[in-house]
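Take a look at the sequence and the fold, then read on.

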Amino acid sequence: MSLTETVVTGLQDLLESSGIMVTTIDTVYNWARSNSVWPMTFATSCCGIEMMTVGASKHDISRFGSEVFRATPRQSDLIITAGTITHKMAPALVRLYEQMPEPKYVIAMGACTVTGGMYENDSYSVVRGVDRLIPVNVYVPGCPPRPEALLDALIQLQKQIRTESIVDRKKRAAEHVPRVEIGPGEVLLPKAGQPNVKWGVQKYAYPVDELQAEGKIPLVRGNVKYRHERRAEREQQRAGR
């Protein structure tokens with residue numbers, strides 16, 4: 001412990017022994033925010049049933065200050081991506097995330113939204129992990145996860161919130177941005193400054209060829225094409241054995 005910390009700790013002990021409570025703005029601010037995290041209603045498949053269960057009387061998410069599920073992103077602190085995220089749903093998810101005010105948080109609930117789950121290998125329509133679209137704070141594996149697992153994820157998120165500082169607010173807001181951006185025709189494109197992840201674009205769902213011909217899309221890596229490339233790689237590996 002440094003000399004400054006020793007002096008501060010000693011001063012706090014002295015004041016507390018006199019009945020004076022000492023704290024910091026960060027501690028009070030984070031305590032209030034971590035105990036009033038309002039989730040947004042967002043569920044796409046079976047994980048949504050488990051998410052709704054935590055709001056019922058048996059599990060009672062209100063014990064953690066999160067009983068108010070909001071129907072609008074503008075009043076939400078947290079989005080729980082409960083269920084499969086398809087390529088057609090991806091632009092809507094990114095738009096909802098952008099409409100949430102800072103600070104905002106994401107819990108990825110279920111195997112499908114974490115990695116693509118059972119759709120990871122052969123599905124033409126599922127995004128292989130929601131963190132290829134938006135930043136994720138806590139992952140909850142399972143198919144589907146139990147309500148207790150979601151409550152534990154909320155506790156983990158509260159612990160993260162309590163370590164934040166008001167001084168670093170702008171830095172955090174700059175880092176927590178979508179990995180992609182919505183282009184013309186509701187096509188998601190790689191975002192400048194973000195790692196180019198192979199999240200895929202479903203060419204059957206969007207007029208990608210027309211937009212590429214018009215020069216409006218600089219780069220599109222089709223999910224179907226990527227899947228075929230992976231299959232070719234696996235066949236080459238088997239042939240080399």
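On one side of helix α2, I25 and W31 are exposed (over 50% relative accessible area, with a 1.4 Å probe and protein chains only). This is a predicted model, in which local features need pLDDT of at least 70 and side-chain atom pairs count only at pLDDT 80 or more, while totals for chains, interfaces and linings use all residues. Residues are numbered from 1 along each chain as its sequence is written, and side-chain values use heavy atoms, leaving out hydrogens and water.

Helices (H or I, at least four residues) and strands (E, at least two) are DSSP runs, numbered from the N terminus. Helix α2 spans residues 25–34, and its buried residues (under 20% relative accessible area) are N30, R33 and S34. Viewed down the axis of α2, these fall within an arc of 90° (taken from the directions from the helix axis to the C-beta atoms), so they line one face of the helix.

Now to H176, which sits in the loop between α7 (169–175) and β5 (180–182). H176 is buried, with a relative accessible area of 16%. Leaving aside neighbours within four places in sequence, H176 is in contact with Y97, E102, K104, P135 and N137. H176 and Y105 are 71 residues apart in sequence, yet their C-alpha atoms are 8.7 Å apart in space.

Notes
Contact = heavy atoms within 4.5 Å.
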